[in-house]
Amino acid sequence: MRRMPELPEVEVTLRSFAGRIDGAEVRSLRLGLPLRWPLGRDAQSFAGCRVGTALRRGKYLWLPLSRQGRAEGGLLLHLGMSGSLAFGNAPGPAGRHDHFDLVTDQGVLRLTDPRRFGAVIWSPALDQPPASTLLARLGPEPFDPALTPQVFHAGLRRRRTAVKVALLSGELVVGAGNIYACEALFDAGIDPRTRCDRISRPRAERLLASVRSTLARALALGGSTLRDFRDAHGMDGAYQAEAAVYGRAGLACPRCGGTVRRIVQGQRSTFLCTACQKR
DNA sequence: AATGGCGCCTGAACGC
DNA sequence: TGCGTTCAGGCGCCAT
């Protein structure tokens, strides 16, 4: 199974090209098949723009643009669930899944996305629509020190949904996709079906710590696997091999030896060990 | 207001 | 070079 571009992958992708594209001058912008939303501006109009310091927010990337020292908005990028970004000097002709090229004097940033759930959108600023609209509902970054156990617990108490569904929503904390949400809940010993408002303060603290350690470990692994990302197009299961429950229905729980179960929550698969994870 | 569910896409895995 | 079906998933959006 291929890995999804979750927060760790997006972060490692950003680190891989941010330093090289910073200050580059845009020569042209090429689009392939439609992505999730239209670019929102004439592709020809980007020539001559200068790229600033790229940043990440949740699973979105922001590439600020300027022209002759004056801000000119930027590009908001999302990898959807099958997208990958590569920055190189000679990327070659666009393949059938290459739907965005930002050609600059420092190299070409290319988005490859077979399923086209990804997006590249121009916005006049990060804090103006459409960018601000898309980012408006994002919760805090997982490693934001302002996200204390108290804040996290308060967010949980406000909700009645199953905790796993809440994690996936990204409103309590961004970055936990299906794989990491399942793994973090296993690590914390919490049943994914537990109602948010029934989670005690100590368990909330434990869950936050598990979300952080799960993402941190994936980030470290992402750093080592992402180097072959372009060739492999989607990583092999470096993390999969480490997963305790995700994708392991019917197999033994690595902690107690019981059987890992698969259930469905909100049209998504959830994997859990009912012996190790309590409500 | 909060919650549940839908649909966009394509490739891989599977059943016959 | 078998073909049809099912599944995977992020997340904005709509319905309730």
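Predicted model: local features only at pLDDT ≥ 70, side-chain atom pairs only at ≥ 80, totals over all residues.
Residues are numbered from 1 along each chain as its sequence is written, with chains lettered from A and ligands numbered from 1 in the order in which they are written.

Start at DNA strand B. Among the residues around DNA strand B are Arg115, Arg116, Arg159 and Arg160, where being near means a C-beta atom, placed from the backbone, within 6 Å of the strand. Over at DNA strand C there are 17 residues, and Lys59, Arg115, Gly177, Asn178 and Ser269 come nearest.

Asn178 brings us to α5 (178–188); helices here are DSSP runs of H or I with at least four residues, numbered from the N terminus. Because 11 of the 11 residues of α5 are buried, this helix is largely enclosed by the rest of the structure. Buried means that 20 or more other C-beta atoms, placed from the backbone, lie within 10 Å of a residue's own.

Next look at Ile190, in the loop between α5 and α6 (201–225). Ile190 counts as buried because it has 23 C-beta neighbours inside 10 Å. Leaving out residues up to four places away in sequence, Ile190 touches Val163, Leu185, Arg203, Leu207, Gln277 and Lys278; contact means C-beta atoms, placed from the backbone, within 7 Å. Lys164 is 26 residues from Ile190 in sequence, yet their C-alpha atoms are 9.5 Å apart.

Conventions
Helix = DSSP H or I, 4+ residues; strand = E, 2+ residues; numbered from the N terminus. Buried ≥ 20, exposed ≤ 12 C-beta atoms within 10 Å, placed from the backbone. Contact = placed C-beta atoms within 7 Å.
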